[in-house]
Amino acid sequence: MNNEMVLILDFGSKYTQDIARATRRLGVYSEIAPYYTPLEKIKDKKPRGLILSGSTYNLFEEDAPKPDKGILDLGIPILGVCYGMQLLVHWFGGKVATTPERKYSSESIEIDQENLLFSGLTIKESVWTSCDDSVSQLPECFVTIATGVNTPYAAIQHRSKKIYALEFHPEVTETHNGLKILDNFLKKIAGFSGNWSPESFVEKSIKDIRQVVGDKKVLLALSGGVDSSVTAALLDKAIGDQLISVFVDTGLMRKNEAQEVKELFSEHWAMEFIAVDAGETFHRNLKGVQDPEQKRKVIGKTFIDVFEAEAEKHTDVEFLAQGTLYPDVIESVSLKDSTVKIKSHHNVGGLPEKMKLKIVEPLRELYKDEVREVGRELGLPENVLMRHPFPGPGLAVRIPGEITKEKVEILQNVDHIFIQELKNNDLYHKVWQAFAVLLPIQSVGVKDGNRTYEYVCALRAVGSTDGTTAEWSELPTPFLRKVSDRIISEVDGVNRIVYDISSKPPATIEWE
Ligand code: XMP
């Protein structure tokens, strides 16, 4: 835990994580806690400031989120945002009225330039509002510090306490100087030094890891993805040869991937690196399996079996390291979200219980972009840090129907050309994820005057921020033409390419 932390109480707004990311960008470490966190637990975290998030709820809905009112007595600066503001107004005796329709709009407000919260801003500011309710009467102990035509109480301040509230979202880009407002709250009002950074995290983390691990050994399932690679590099720096990294080659990786991971980690790092070639086992276990969920289960179980068998050879291991990131550990308050499971994701989550190892998760406080910065600091190459996400079950979920070695090889070659061309044409980093899918159908074609009957491949490229929603990417037609021509002429067994133009939802990113 960081000793200079702002705590964000989450009432279930879709922007809560944006507040956390924004404060970190400003050099202030933040954590998110659900609104129902007991007061004692909040006190234990020793936050230096509190931000109350927005919400999809109206204040007077029956099951609207209500935190412990004792937070007002913590004596630390508070910033309420939308729902957070209305809650404060209600608690202090003001009035909140429900507006007939949710307002999603950009608005020009006039601010009190003398106020510390608006230090360095111009008298008119453009802000983004999205509230169902709005303040209709201010509590006596508050004053207005910004007004707009539609939001007369755009920003308010307590007369004697460091409590501020905004009826707009400072954390979204549509509020042009929102970051400056947050910065003023954190540094000018709450007194944060603003010296948190992923670099400072590395130093602190190395000390913590050494203290926790002592002279014991740590096992890591290293996939070559960003999270496990940075975890490996960090642990390597902290405990060197006490780390044993196990890379399981599932035979379902991208072209040359297994070789590249082996070369990188066995040549450049001090850790013990073990590559287990388990391709045969995975293919054997997947024989005849067609159902997507069944595939995922078989792969997850095979992975655990292979990893465990390797782990049993190392009797002196006490810890299992995992590349868990902050979004995975936040207790989610997406109150109105459905909890229907769409796909059973494969990761190494099934391991620790069975293996009775203690867990170390050195990245659990960080967001992905911060993890990349840590990786950079530790000397990991850009091509590892900036690569697209790749699913645990690998190419298996990109080959609908039964998986064979022949199909995997065809797909590896197709995918390789697509990715290579994206990189050559400066498009790789403009999309969030791109890959090819080998469809379980063949179609008729003609090559060198002869009839062919070969596989169809789909290309998919999407834009996204975290994979929960995605837009299909409009790649340039000449680029698609070139990729298609290259694949069909260079890859045996493929005579037709289609481009996937479905967004998520209703489609998912992967096909299975
Ligand atoms: P979907 O297909 O659910 O994918 O829209 C969202 C993101 O998650 C990745 N993905 C996985 N990642 N294990 C992983 O580590 C998995 O089992 C898995 N399945 C999907 C997918 O590539 C996309 O980035």
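1. R460 is buried, with a relative accessible area of 1%, where buried means under 20% relative accessible area, exposed means over 50%, and partly exposed lies in between (1.4 Å probe, protein chains only). R460 forms a salt bridge with D500, the closest N and O atoms being 3.3 Å apart; a salt bridge is here a side-chain nitrogen of Lys or Arg within 4 Å of a carboxyl oxygen of Asp or Glu. D500, at 8% relative accessibility, counts as buried. Because R460 lies in strand 16 (residues 450-463) and D500 in the segment after strand 18 (494-499), the pair ties together parts that are 40 residues apart in sequence. Helices (H or I, at least four residues) and strands (E, at least two) are DSSP runs, numbered from the N terminus.

2. This is a predicted model, in which local features need pLDDT of at least 70 and side-chain atom pairs count only at pLDDT 80 or more, while totals for chains, interfaces and linings use all residues. Residues are numbered from 1 along each chain as its sequence is written, and side-chain values use heavy atoms, with hydrogens and water left out.

3. The structure holds 26 salt bridges, among them one between the side chains of K187 and D183 (2.7 Å, N to O). K187 counts as partly exposed at 28% relative accessibility, whereas D183 is buried, with a relative accessible area of 15%.

4. Another salt bridge brings together the side chains of E382 and R376 (2.7 Å, N to O). Here E382 counts as partly exposed at 40% relative accessibility, and R376 counts as partly exposed at 38%.

5. The chain is divided into domain 1 (5-189), domain 2 (198-385) and domain 3 (404-499), with bounds that come from an automatic or database domain assignment. The centres of domain 1 and domain 3, taken over C-alpha atoms, are separated by 47 Å.

6. The axes of helix 5 (residues 198-213) and helix 6 (residues 226-239) come within 9 Å and cross at roughly 65°; axes are lines fitted to C-alpha atoms, for helices over the stretch in contact, and angles run from 0 to 180 degrees between N-to-C directions. The contact (heavy atoms within 4.5 Å) is made by residues including F201, I206 and V213 of helix 5 and L234, K237 and I239 of helix 6.

7. In helix 12 (residues 368-377), the buried residues are E370, V371, R372, V374 and G375. The buried residues of helix 12 pack against helix 1 (16-25), helix 5, helix 6 and helix 13 (382-385). Just after helix 12, G379 takes a positive phi of about 90°.

8. Some backbone geometry deserves a look. Most residues other than glycine have a negative phi, and most peptide bonds are trans. K46, although not a glycine, has a positive phi of about 50°; K46 is found in the loop between helix 2 (39-44) and strand 3 (49-52) and counts as exposed at 64% relative accessibility. D448 has a phi near 50°, a positive value in a residue other than glycine, and D448 is exposed, with a relative accessible area of 77%. A cis peptide bond joins K504 and P505, with omega about -15°, and a cis peptide bond joins P505 and P506, with omega about 10°.
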